[in-house]
Amino acid sequence: MSHDPSLLNKHRGQTQTWYPLDNSGKIFPAIKTGKVSAVFRLSIRFREPVNPQILQQALWDILPRFPHFSMKLKPGLFWYYLEPNPAKPEIYPDTRYPCRRLYRKNNQGFLFRVLYYNQRVSVEVFHSLTDGTGGMAFLKTLAARYLTLLLNLEIPCTDGILNITESVAAEEMEDSYLKYARPTSQRSRRQPRAYHLGGTAEPMGRINVITARMPLEAMKKLASEYHVTLNDLLVALYMDAFCQLQRAEERRHTKPVVIAVPVNMRRFYPSKTLRNFFLRVSPTINQAFGLFSFEEILNEVHHYMQINTNEKYLNAQMYTNIYNERLLAARLIPLFIKNRILKLAYLFYGDSRITSTMTNVGQIQLPAPMRPYVSDFEVMMGPSLSNWINGAVLSYDGDLILTFTRRVSEPLIERLFCKHLIDLGIPVRLYSNQDPDNANTGI
């Protein structure tokens, strides 16, 4: 991570003058409100307090290597697009409530922000810009540059860290949906309305956070005993918590519990894009047919994921999305009308059709020189309009870290989820943004 200003400056001459939003990114400007930020957060925790001046310089140093982070969102006649932002992004002290809406006028037009608090550095990103893979590459590269400046470390550009002295590769900026979607039969997106969590809504901008930490090996062993993947186990535990809550209600269970699970499409295609490239699959339990035990839920999730995380099915979904975007009538509708249509489509095909989302960023690896200085990682998803709670998972240094973000006061789902884990013999440590510097053991 050596610093050579002349090498860094060459990126700017290669920056494209504008970028259309990718297929996933087009929906987020239309649905963004004070209650729906469409922002996710990735955090790294160092073992020593953050030096803000060095962090600021590290951000400026790496930004040319991520040209789409140097963009601002502009409304066109038919679609939003990204164009270069000449401003220099500032870092900010962190706040109590994460994943707040990115007000472009208060953020120099940037669609991301870098925040710091004690030992923690967080990157919050508007989802039109990138997904968790691109966001993690940005955070890791920022952390590596910070440690290089702070400690004069020699950090290899491995494990997702980009070399900031290299030119930006064209494939890093490509729209992989357009590149890899191939014509096929369209896949129907019709789904019934899903069960939604009730509760006491928090004031706008206030998000409650509970992070559950547990031993990674113990979780892998538990998944192995059930003959399922770790992700299957987590999704089933999450779904079971909603099913328990639904069964406790007096009204009839007519709506299914649907958990949206983002799938990183880089698993199936040789894409190197740092923009969005994910799709969602949605395992479902409908208790109108009868009450499901946890083992039955786990079995349903496991087989659903095996069948539906298949390249052919996912390509059909991807092509359907691209096909709808390309419809001539849709392309010629002015943006202000299109925004209303997209918002309605999101409510009809998106929020109203899922109960919650659980995303898994996977296991985080770092080059050996960085590891002594990094204690932790964390990922959060902002809740959406009617999905008042979401879960996000990653693993680092022997721990599995699951963070719940919630727009209602009552921590019912987290309590049921963690109690179930403890009943299965898994020790759980809980943290909350109501008491961010302290950890509690158990429930």
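**Close-up views of a predicted model**

**View 1. Helix H4 and the residues at its ends.** H4 is followed by Asn 152, whose phi is positive, near 55°. The model is predicted, so that local features need pLDDT of at least 70 and side-chain atom pairs count only at pLDDT 80 or more, whereas totals for chains, interfaces and linings use all residues. Residues are numbered from 1 along each chain as its sequence is written, and side-chain values use heavy atoms, with hydrogens and water left out. Helix H4 covers residues 132–151, and its 20 residues reach 28 Å from the first C-alpha to the last, close to the 28 Å expected at 1.5 Å a residue (the expected span being 1.5 Å times one less than the number of residues); helices (H or I, at least four residues) and strands (E, at least two) are DSSP runs, numbered from the N terminus. Of the 20 residues in H4, 15 are buried (under 20% relative accessible area, with exposed over 50% and partly exposed in between, for a 1.4 Å probe and protein chains only). At the start of H4, a side-chain oxygen of Asp 131 comes to within 3.2 Å of the backbone nitrogen of Thr 133.

**View 2. The packing of H3 against H4.** Helix H3 (residues 52–62) packs with H4 at an angle of about 125°, their axes lying 8 Å apart (axes are lines fitted to C-alpha atoms, for helices over the stretch in contact, and angles run from 0 to 180 degrees between N-to-C directions). H3 and H4 are therefore oblique to each other, since angles under 35 degrees count as roughly parallel, over 145 as roughly antiparallel, 65 to 115 as roughly perpendicular and the rest as oblique. Among the residues that make the contact are Ile 54, Leu 55 and Ala 58 of H3 and Phe 138, Leu 142 and Tyr 146 of H4 (contact means heavy atoms within 4.5 Å).

**View 3. The packing of H6 against H7.** Helix H6 (residues 216–226) and helix H7 (residues 230–248) pack at an angle of about 90°, with their axes 8 Å apart, and are therefore roughly perpendicular to each other. From H6, Leu 216, Met 219, Lys 220, Leu 222, Ala 223 and Tyr 226 meet Leu 230, Leu 233 and Leu 234 of H7.

**View 4. Asn 23 in its loop.** Asn 23 lies between strand E1 (19–20) and helix H2 (27–31), and at 15% relative accessibility it counts as buried. The side chain of Asn 23 reaches the backbone oxygen of Asn 321 at 3.3 Å. Leaving aside neighbours within four places in sequence, Asn 23 is in contact with residues including Asp 175, Tyr 177 and Glu 325.

Terms used. A polar contact is a pair of N or O atoms within 3.5 Å; within protein, one must be able to donate a hydrogen and the other to accept it, and residues adjacent in sequence count only if both atoms are side-chain atoms.
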